[in-house]
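This report looks at one protein chain and at how parts of it meet. Please keep the structure in view while reading.

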Amino acid sequence: MPSNSPEPDVDLEALEEYLLSSDLPDGTMLLSELDGYLTAIAVSPRAIPPEDWLPEIWDGEVPPVAVQTDTNWVVGAIKAHCDAIRRVLAEGPEFLDPIFVRDTDGSLLPEIWAEGFMRGVQLRRQDWSLLFEGEGWRLLAPIGIFAETPDGSSPLILSEKRREEVRANAGTIFATCVAGLQGFWQATRRQGGNPSHPRPIAVKIGRNAPCSCGSGKKYKRCCSA
C-alpha cells in the first residue's frame, strides 16, 4: 500500500483500486508508478499537454469498454493529483512525499516509483538532453539506479551498500533530486536557454542539503568537497 500523498483531497485509495482492475491493459501503471510518472511530468523542462501524457498510463492503450464509464472520473483524479504535485513543487520541493509501496518486512520499494519517473523522462527525452551533456546527470542518478530496463538490469551502476543507503532514505533523496531538477530547468529558462536545445549552466545545490549522488552525506561534505 502507498504510504502517503501530496494532496489529501485526492481519493488515492479509489484511484489505486481502479488501477488494480483486472479489466485494464496489463501495462497499466499502478499508483506508485503513476506518482513517479506524474512527478516527472510536473518537473518536465517544458509543459506537456495531458493528451500526450495520459495514454502512457494505460501503456498507450485505450481502456476497455468495461471500464470506460469510469474514465472521466479517473482522468479527473489523475489530473488533480498531478496538479497537487505541481503545487507542492511550487511551495517547496523538499515537501515532496513520493508514494512508495513497502515490502512484507516494511522496507521501502522505490523501484516502482523510479520506473514511473523515468517513463516520464523518456516521454520527452530530447527535452531532458542537457542532463546527459554534463554533470546534470547526477541529479537524476539516484532515481535512475532503481529504474530497470526491459532486460531487468539497471542503466546505472551503484555498489550494493550505496544502493541500500539510497533505498533507506529514498523519500528524502528523491525529493532532493526533484528539487535539483526543478532548479536546473528554472535556471535554464532564466538564462534564455531552450530546453529542447539547451546550453550548459551551473546549478547551485544548498551545501547543507543531502547530496544528490545518494551518499546520505551533506552536499558540502560529499560532491562539493
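W113 and F117 are both buried, where buried means under 20% relative accessible area, exposed means over 50% and partly exposed lies in between (1.4 Å probe, protein chains only). This is a predicted model, in which local features need pLDDT of at least 70 and side-chain atom pairs count only at pLDDT 80 or more, while totals for chains, interfaces and linings use all residues. Residues are numbered from 1 along each chain as its sequence is written, and side-chain values use heavy atoms, with hydrogens and water left out.

W113 and F117 are four residues apart in helix 6, so about one helical turn separates them. Helices (H or I, at least four residues) and strands (E, at least two) are DSSP runs, numbered from the N terminus. An α-helix has 3.6 residues a turn, so residues three or four places apart point the same way.

## Aromatic pairs

Rings of Phe, Tyr and Trp (its six-membered ring) pair if their centres lie within 6.5 Å; planes under 30 degrees apart count as stacked, over 60 as edge-to-face and the rest as tilted. By this rule there are eight aromatic pairs. The W113 and F117 pair is stacked, because the ring centres are 5.5 Å apart and the planes are at 20 degrees.

F117 also pairs edge-to-face with W128, at 6.2 Å centre to centre and 80 degrees between the planes. Here F117 belongs to helix 6 and W128 to the loop between helix 6 and helix 7 (141-144), 11 residues apart. Ring pairs join F100, W113, F117, W128, F146, F174, F184 and W185 into a cluster.

## The nonpolar core

A nonpolar core is a set of buried Ala, Val, Leu, Ile, Met, Phe, Trp, Tyr and Cys residues joined through side-chain atoms within 4.5 Å. The largest one has 56 residues, and F117 is among those with the most contacts inside it, together with L15, L34, W53, I57, I78 and F174. At least two residues of this core come from each of helix 1 (12-19), helix 2 (31-42), helix 5 (71-91), helix 6 (111-123) and helix 9 (170-190). Helix 9 gives the most, with nine residues.

Contact means heavy atoms within 4.5 Å. Leaving aside neighbours within four places in sequence, the contacts of F117 include G36, Y37, A40, L140 and V178. The buried residues of helix 6 pack against helix 2, strand 2 (108-109), helix 7, helix 8 (160-168) and helix 9.

## Salt bridges

A salt bridge is a side-chain nitrogen of Lys or Arg within 4 Å of a carboxyl oxygen of Asp or Glu. The structure holds seven. Which residue meets R119 at 2.8 Å, N to O, in a salt bridge? The partner is E33, which lies in helix 2, 86 residues from R119 in helix 6. Both R119 and E33 are buried.

R119 forms a salt bridge with D59 as well (3.6 Å, N to O). D59 sits in the loop between helix 3 (50-53) and helix 4 (65-68), and it is partly exposed because its relative accessible area is 40%. The phi angle of D59 is near 60 degrees, a positive value in a residue other than glycine.

R167 and E111 form another salt bridge, with the closest N and O atoms 2.7 Å apart. R167 is in helix 8 and E111 in helix 6, so this pair ties together parts 56 residues apart in sequence. Both R167 and E111 are buried. Salt bridges that share partners join E33, E56, D59 and R119 into one network.
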